[in-house]
Amino acid sequence: MFTRRHFCATAVVVAGAGCARPMKAQEPIAFGNRQQDGDARFRFCLNTGTIRGYKLPLDKQIEAAVATGYGGIEPWVSDVAEAAKTGGALKGLAKRCKDGGLAVVSAIGFAPWAVNEDDVRAKGLEQMKREMAMIAELGGTHIAAPPAGINGGDAPVVSLDAIAERYRAVLELGRDMGVVPQIEFWGSAKNLNRLEQCIYVAAMADHPDACVLADVFHAYKGGSSFNALRLLGREAAHCFHINDYPANPPRETIRDADRVWPGDGIAPLKEVIASFRDNRADVWLSVEVFNAAYWKTSAEETAKTGLANMRKLVSRAE
């Protein structure tokens, strides 16, 4: 039976009423040069996977993001953990981000928080706790909660209701740590491979901080409907991974490494931007590509190209 609880939970995601979050460091870029309250607003973020091939330490990643004009950065937890080995380093890097006008938008981690095995899941929650503590020290407010541990072909099928229960537990942990976990899908995963599934899980978690981390490539790879983005209200999408994909290889065999710059492929990016615009979303567009062909120039040049393509995409969608 569709209960009142289910209705309220769904309303949180669709209306975007929950997902409380702090103000961001950079002023918003209004869609269509409008500055009225309630208009769609876009900010531009560098997911450091885009320059991962350069094997830069976190401080150099931050330097590249600041130098090329980004308003936000989305580091990988492994790089944050490496920096944290030096005592006090994260606080120093947090200051460098603040001084450079750079928000720590989110972080990419792989804690197995949704697995069936109680002991493994407990360890996954402890890992998530440690990672949230590091992100909070760096000045970050959000972290990815992907289907790590339940993504492989040998993983058992996990019910979406069970995942929703476990996501709620992660959200509660995030409240204690001051960091919001974003439910994320992977297109090639056995569980949570579609945007629609993440929307359901976020709704059924029945938590005011529930929000979805979506990705253009993963939506294509998993066969998600891009129209489902319209179900993400203003506060239900803090960060969105923007990229593109070519016509070949086909969807069945395309890999992460085949991603291309936004606007250089066949993804319906104009419609994607329109979905956020129509919802008057306040969202970070975070460029995330893993194309080794882009790593033949300098890290700053690669980062600069990603930013230019995002700006061009938003401009063309006006």
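How many aromatic pairs does the count come to? The count comes to seven, where rings of Phe, Tyr and Trp (its six-membered ring) pair if their centres lie within 6.5 Å, with planes under 30 degrees apart called stacked, over 60 edge-to-face and the rest tilted. Keep in mind that this is a predicted model, where local features need pLDDT of at least 70, side-chain atom pairs count only at pLDDT 80 or more, and totals for chains, interfaces and linings use all residues. Residues are numbered from 1 along each chain as its sequence is written, and side-chain values use heavy atoms, with hydrogens and water left out.

**View 1. Phe110 and Trp186 make a tilted pair.** Their ring centres are 6.0 Å apart, with 50 degrees between the planes. Phe110 sits in the loop between strand S4 (103–104) and helix H5 (118–138), while Trp186 sits in the loop between strand S6 (180–184) and helix H7 (195–204), 76 residues apart. (Helices are DSSP runs of H or I with at least four residues, strands are runs of E with at least two, and both are numbered from the N terminus.) Phe110 is partly exposed at 39% relative accessible area, but Trp186 counts as buried at 14%. Here buried means under 20% relative accessible area, exposed over 50%, and partly exposed in between, using a 1.4 Å probe and protein chains only.

**View 2. Phe240 meets Phe276 edge-to-face.** The ring centres are 5.0 Å apart and the planes stand at 70 degrees, so the pair gets that label. Phe240 belongs to strand S8 (residues 239–242) and Phe276 to helix H9 (residues 269–278), 36 residues apart. Both residues are buried. Phe240 also touches, among others, Leu213, Val272 and Trp284, where a contact means heavy atoms within 4.5 Å.

**View 3. Helices H3 and H4 cross at roughly 120 degrees.** The axes of H3 (residues 77–84) and H4 (residues 89–99) come within 8 Å; axes are lines fitted to C-alpha atoms over the stretch in contact, and angles run from 0 to 180 degrees between N-to-C directions. Val80, Ala83 and Ala84 of H3 meet Ala89, Leu90 and Leu93 of H4.

View 4. Leu307 is buried, with a relative accessible area of 6%. Leaving out residues up to four places away in sequence, Leu307 touches Phe44, Thr68, Gly69 and Tyr70.
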